[in-house]
Amino acid sequence: MSVAVATTGTPLRRLGNLLYRRPNLYLLMLLIPPLLWFGAIYLGSLLNLLWQGFYTFDDFSMTVTPELTLVNFAALFNPANFDIILRTLSMAVAVSLASAALAFPIAWYMARYTTGRTKAFFYIAVMMPMWASYIVKTYAWTLLLAKGGVAQWFVQRLHLEGLLQLLLDIPGVGGSTLSTSHLGRFLVFVYIWLPFMILPIQASLERLPPSLLQASADLGAKPRQTFMQVVLPLAVPGIAAGSIFTFSLTLGDFIVPQLVGPPGYFIGSMVYAQQGAIGNMPMAAAFTLVPIVLIAVYLSIVKRLGAFDAL
Amino acid sequence: MSVHTTVLLGALLASAGAQAAGLPQKLGAGEGQLDIIAWPGYIERGDSDKAYDWVTGFEKQTGCKVNVKTAATSDEMVSLMTKGGYDLVTASGDASLRLIAGKRVQPINTALIGNWKNLDPRLQNGAWYVVKDQVYGTPYQWGPNVLLYNTEVFKTPPTSWSVVFEPQNLPDGKPNKGRVQAYDGPIYIADAALYLKTTQPELGIQSPYELTEKQYQAVLELLRKQQPLIHRYWHDATVQMSDVKNEGVAATSSWGYMVNGLQADKQPVASVVPKEGATGWADTTMLHSEAKHPNCAYQWMDWSLQPKVQGDVAAWFGSLPAVPAACTGSELLGAEGCKTNGFDNFDKIAFWKTPQAEGGKFVPYSRWTQDYIAIMGGR
């Protein structure tokens with residue numbers, strides 16, 4: 001009797017029974033929308049973008065024709081374009097290293113020495129700069145670093161003009177003024193991406209059981225040994241996560257390089273110039289491949305170093 | 001490559017000529033809307049300063065609501081026109097021929113533009129907008145790329161572009177390294193070529209836009225030497241004004257717009273056209289080949305050639321009117337305005353135009369683009 005009811009019931013009831021008997025079908029129906037979103041809209045548009053890299057661009061009339069060519073990818077290796085890649089890559093590495101060095105002590109203090117209100121205060125203090133517009137912050141930095149700006153005022157008050165000039169004269173670090181130097185650009189990048197480094201490190205240090213530190217001390221390890229052999233290995237996943245943010249964000253940025261620092265494009269500004277100003281979509285698409293490859297290489301190096309073993 | 005480009009260009013021009021039979025013979029009613037791509041400060045409706053408004057009157061008279069999209073570089077203008085959806089563009093000479101070759105703009109019938117008779121005879125038949133007897137748009141404004149300098153550094157005006165091209169001490173005794181700027185666009189190569197035309201006559205440069213391989217290499221050499229001197233390659237008028245104000249930039253290529261802005265801000269700056277002459281721009285209001293509002297567009301082109309409008313634009317932008325009557329027809333520009341902005345310098349100006357290979361004789365614009373990006377990056 002009950003079987004008869006199940007098969008002859010309302011269509012809704014029959015559908016319900018079908019899904020009950022075939023749980024995989026049910027799962028599939030739940031997964032299709034997000035999979036479609038991820039596959040078609042997310043990966044699909046990315047692949048479509050990369051596919052554009054094979055198109056031909058006519059320089060004079062500035063039009064794109066769908067004739068396939070490898071010229072754009074080959075052009076990535078001509079000296080001027082390769083300079084852009086190296087310039088961006090070295091900045092991304094420097095910014096990641098400096099952010100990690102700055103973020104670690106802050107994260108350590110947040111994780112181990114703060115509770116309740118002080119912890120909330122630190123969270124807000126770290127995240128508050130992220131609530132303000134990124135462009136406003138960058139413009140503010142151009143004024144801070146300008147010749148008549150606050151930074152130089154402090155330098156003058158401390159009578160360190162000579163030291164600043166010495167720094168600005170170092171090739172690859174300096175520039176003609178603080179706001180058009182590599183150093184200035186580096187400072188702005190580190191300031192802007194620092195929260196992305198602090199939070200993952202702090203999360204990984206929170207999970208570090210205090211008993212491990214006590215055990216290490218009981219066994220006679222010096223603080224330095226404890227740090228190198230217990231704390232750091234356990235914090236590496238956090239540092240890796242943070243550095244993925246700082247590294248990839250620097251690789252893609254085009255506003256900071258435009259407003260602060262010496263002449264010469266970054267990958268982001270090159271993509272912007274090719275796509276936004278010149279309309280050379282194929283070359284822009286070829287350049288988009290560069291950060292993807294660099295980050296893939298970076299992730300595989302980090303994985304080999306064991307950063308994800310603890311996940 | 002160059003042969004390929006020229007053949008393509010020839011084909012495009014031929015087909016553009018064939019199209020031209022269908023010029024409109026009379027205008028219909030306005031479509032109620034008009035979308036224009038313009039340089040910043042070119043089309044003002046009194047938002048920045050109430051007195052400078054040449055849009056409201058047009059909207060009242062024609063019922064065409066004007067929308068302006070500003071663009072910072074010529075490349076950006078070409079790119080926006082390629083995307084479409086606009087009616088008019090105020091194209092400079094380094095964009096106009098590319099727009100014509102790419103069939104982004106259509107020829108116009110000047111008989112439908114009543115104010116065409118006002119036009120400065122020196123601008124008629126300009127090579128940057130008249131191709132094969134087809135007129136592609138109406139001249140809007142022109143002006144030189146002046147040498148802006150700080151009057152506290154230069155007690156007497158500099159007489160040569162060498163202050164930005166060659167390493168040297170400025171009159172205040174300090175080197176020019178890090179205190180000069182250059183334009184962030186491949187067309188700046190022509191500025192360097194113009195300088196070499198006078199300083200190295202043995203190169204035999206005739207036009208800074210038609211450079212043979214040997215001349216071109218000499219020009220690039222000069223720009224490479226200039227690169228370490230450069231404080232910043234500018235393309236944003238606001239950023240340049242802030243650099244002159246806060247960063248101690250003493251000399252730079254610039255536009256009347258920035259000179260006027262800085263002087264209004266009581267900054268110690270002035271401008272000059274040095275003895276080598278200057279490159280300059282002559283902008284043309286061009287009609288998109290697929291313009292959705294052609295009647296409003298024709299009405300705007302007519303409106304824009306009135307002496308008062310021309311004079312007001314010139315006063316605001318620090319440029320020169322395409323209509324000589326404007327020199328006496330605008331209170332904002334004043335009686336001396338045309339003279340101050342350099343109305344008599346016309347002959348000293350090498351007007352921007354897109355460099356073309358012309359059958360492989362000259363280095364084409366695509367190489368200019370690549371090489372200038374490389375030079376800005378220090379290579």
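I started with the nonpolar patch on chain A: helix 2 (11-21) and helix 3 (23-52) of chain A each supply at least two of its residues. This is a predicted model, I note for the record. Helix 3 of chain A gives the most to the patch, with 5 residues.

Next I listed the patch members: Leu12(A), Leu15(A), Leu18(A), Leu25(A), Leu28(A), Met29(A), Ile32(A) and Leu36(A). Together they have about 750 Å² of accessible area on the surface. I also looked up where Met29(A) sits, and it lies in helix 3 of chain A.

Then I turned to the interface. I get 39 residues from chain B and 32 residues from chain A in the contact. The two chains bury about 2700 Å² between them, and 58% of that is on carbon and sulfur atoms. On the chain B side, Glu247(B), Ile373(B) and Arg379(B) supply 20% of the area buried against chain A, more than any other three residues.

How many salt bridges does the rule find across the interface of chain B and chain A? I find 1 salt bridge there. Arg379(B) and Asp83(A) meet in a salt bridge through their side chains, at 2.7 Å, N to O.

Last, I checked what builds the side of chain B that touches chain A. Elements that each supply at least two residues include helix 1 (2-19), strand 10 (230-234) and helix 14 (365-376) of chain B. Helix 3 of chain B gives the most, with 6 residues. I sorted the residues of that side into 14 nonpolar, 16 polar and 9 charged.

Notes:
Residues are numbered from 1 along each chain as its sequence is written. Chains are lettered from A and ligands numbered from 1 in the order in which they are written. This is a predicted model: local features need pLDDT of at least 70, side-chain atom pairs count only at pLDDT 80 or more; totals for chains, interfaces and linings use all residues. Side-chain values use heavy atoms; hydrogens and water are left out. Patches are made of residues with over 30% relative accessible area and no salt bridge: like charges are joined within 9 Å, nonpolar side chains (Val, Leu, Ile, Met, Phe, Trp, Tyr) within 5 Å. Accessible areas come from the Shrake-Rupley method with a 1.4 Å probe; for residues, only the protein chains shown count as cover. A salt bridge is a side-chain nitrogen of Lys or Arg within 4 Å of a carboxyl oxygen of Asp or Glu. Helices (H or I, at least four residues) and strands (E, at least two) are DSSP runs, numbered from the N terminus. Contact means heavy atoms within 4.5 Å. Buried area is the accessible area (1.4 Å probe) that two parts lose on being put together, summed over both. Ala, Val, Leu, Ile, Met, Phe, Trp, Tyr, Cys and Pro count as nonpolar, Asp, Glu, Lys and Arg as charged, and the others, Gly among them, as polar.
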